Amino acid sequence: MHLSKGQTYEKLEDKESSDLTDGSSSEHSLLRDGQSGRLETWNIRDSVQVSRRRLVGFMIAGLVLATNICTMGICFLYFSSGNTLLRWTSGYSPIFDRLHIPAISKELHIPLFPNISDPRDIYRLPPSPEVDAAWDRISNIGLHSISETDVRRLGKDPMLAIHSPTEWWSEEWGSGWMVEIDAFHQIHCLNALRKGLITNYQYYWGDRYDLEPPVTFAMHLNHCMGALLENLMCHADVDTVTYNWRETQVSPFPDFAIRKQCRDFNAILEWQEKHKLKNGHDRWYAFEKPADAKQREVPPGLTELGEGTGRKNGQPVQRLDGLPPQCV
């Protein structure tokens with residue numbers, strides 16, 4: 001075919017090509033739609049899995065937190081009841097099963113000179129009936145009853161430890177082996193040393209015995225000094241004492257008002273007063289040794305005390321040694 005001048009040639013679309021192109025586009029479109037659908041499905045699945053992992057993580061963290069809180073609560077209840085911590089730092093004592101001993105934070109009151117108007121200083125005032133009454137209360141050695149199992153757990157032989165007589169037995173006090181609480185023996189010893197001070201001797205001993213106190217006087221003080229020393233070293237206190245500069249003083253001055261974690265002594269004292277053997281003093285001196293009692297050897301030196309240098313007020317006395325010349 002010949003084209004006249006001015007006519008242009010227009011390309012005719014190949015129907016088959018067009019059809020092929022349309023078909024290919026449709027397939028590509030479907031492929032893209034399918035991939036998009038699968039990607040969307042994968043994204044949803046990934047999101048669900050991430051959410052699940054986060055949820056599991058939160059649940060595990062919550063469970064760990066709850067477990068820790070419960071553990072802390074159980075530990076708090078365990079250590080704050082039943083004298084648990086005291087048992088760890090003490091020898092066996094059946095008193096721990098009968099009395100909860102609180103721990104208290106306390107600043108020690110140890111002035112150089114006692115204040116007569118401060119009730120805390122009553123124990124350091126010069127001898128008087130009021131001072132003696134205060135000391136007698138905190139140094140009274142009450143008697144308590146424990147079981148045979150308790151005796152054995154103390155490392156003692158029930159055949160040698162003294163079983164209380166039947167006339168002492170009661171539902172409140174018990175019917176076991178007689179014991180005392182060591183804290184009160186220690187304070188008893190401190191009271192004995194107080195009475196033996198040179199500044200207090202005349203009041204407690206000199207008026208009745210002059211310079212010849214009972215033969216057990218020096219032995220008792222020496223025993224008490226040893227008992228207190230042993231206990232102080234056993235419970236070696238590592239609390240620290242700071243120093244200050246004080247007016248008119250040229251050397252560092254110790255500050256003994258230190259804060260301590262203490263056992264509540266008043267709780268122990270009140271418990272003893274309620275549970276100790278009633279009329280214990282009279283019953284003690286009326287208690288006679290059975291004829292068939294199993295006995296240990298006498299403490300060394302006790303039988304050597306003898307009759308001393310004489311007798312006063314119905315008992316043997318021993319003149320004090322090592323006195324200044326003006327006292328002889």
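This is a predicted model: local features need pLDDT of at least 70, side-chain atom pairs count only at pLDDT 80 or more; totals for chains, interfaces and linings use all residues.
Me: In which sense do E1 and E6 pair?
Reply: Two strands pair if DSSP finds at least two bridges between them. Strand E1 covers residues 103-107, and five bridges join E1 to E6. Their sense is antiparallel.

Me: Which residues form the covered face of E6?
Reply: In a regular strand the side chains alternate between the two faces of the sheet. In E6, Arg259, Gln261 and Arg263 make up the uncovered face. The covered face holds Lys260 and Cys262.

Me: Is Cys262 buried or exposed?
Reply: Buried means under 20% relative accessible area, exposed over 50%, and partly exposed in between (1.4 Å probe, protein chains only). Cys262 has a relative accessible area of 17%. Cys262 therefore counts as buried.

Me: Is Cys234 buried or exposed?
Reply: The relative accessible area of Cys234 is 59%. So Cys234 is exposed.

Me: How far apart are the sulfur atoms of Cys189 and Cys224?
Reply: A disulfide is a pair of cysteine sulfur atoms within 2.5 Å. By this rule the count is one. Cys189 and Cys224 form a disulfide, with their sulfur atoms apart by 2.4 Å.

Me: How many residues apart are Cys189 and Cys224?
Reply: Their link joins distant parts of the chain. Cys189 sits in helix H5 (residues 182-196), and Cys224 in helix H7 (residues 216-234). The separation in residues is 35.

Me: What is the handedness of the link of Cys189 and Cys224?
Reply: Cys189 and Cys224 are both buried. The angle about their S-S bond is -65°. The link is left-handed.

Me: Which residues touch the most other members of the largest nonpolar core?
Reply: A nonpolar core is a set of buried Ala, Val, Leu, Ile, Met, Phe, Trp, Tyr and Cys residues joined through side-chain atoms within 4.5 Å. The largest one has 15 residues. H3, H5 and helix H8 (265-275) each give it two or more. Touching the most other members are Leu99 and Ile101.

Me: How many residues make up the other core, which includes Cys189?
Reply: This core lies apart from the largest one. Its members include Ala192, Leu211 and Leu221 as well as Cys189. The number of residues is nine.

Me: Which residues of H8 are buried?
Reply: Cover for the buried residues of H8 comes from elements that include H3, strand E2 (144-146) and H5. The buried residues of H8 are Ala267, Ile268, Leu269, Trp271 and Gln272.

Me: How far is a polar side-chain atom of Ser139 from the backbone oxygen of Trp135?
Reply: Ser139 belongs to helix H3. At 8% relative accessibility, Ser139 is buried. A polar atom of its side chain meets the backbone oxygen of Trp135 at 2.7 Å.

Me: Which residue does the side chain of Asp118 join in a polar contact of 3.0 Å?
Reply: Asp118 lies in the loop between E1 and helix H3 (129-139). Asp118 is buried, with a relative accessible area of 16%. The side-chain partner of Asp118 at 3.0 Å is Arg120.

Me: Which residues does Pro254 touch, not counting residues up to four places away in sequence?
Reply: Pro254 is in strand E5 (residues 253-255). With a relative accessible area of 24%, Pro254 is partly exposed. Contact means heavy atoms within 4.5 Å. Beyond four places in sequence, Pro254 touches Val241, Thr242 and Tyr243.

Key
Residues are numbered from 1 along each chain as its sequence is written. Side-chain values use heavy atoms; hydrogens and water are left out. Helices (H or I, at least four residues) and strands (E, at least two) are DSSP runs, numbered from the N terminus. A polar contact is a pair of N or O atoms within 3.5 Å; within protein, one must be able to donate a hydrogen and the other to accept it, and residues adjacent in sequence count only if both atoms are side-chain atoms.
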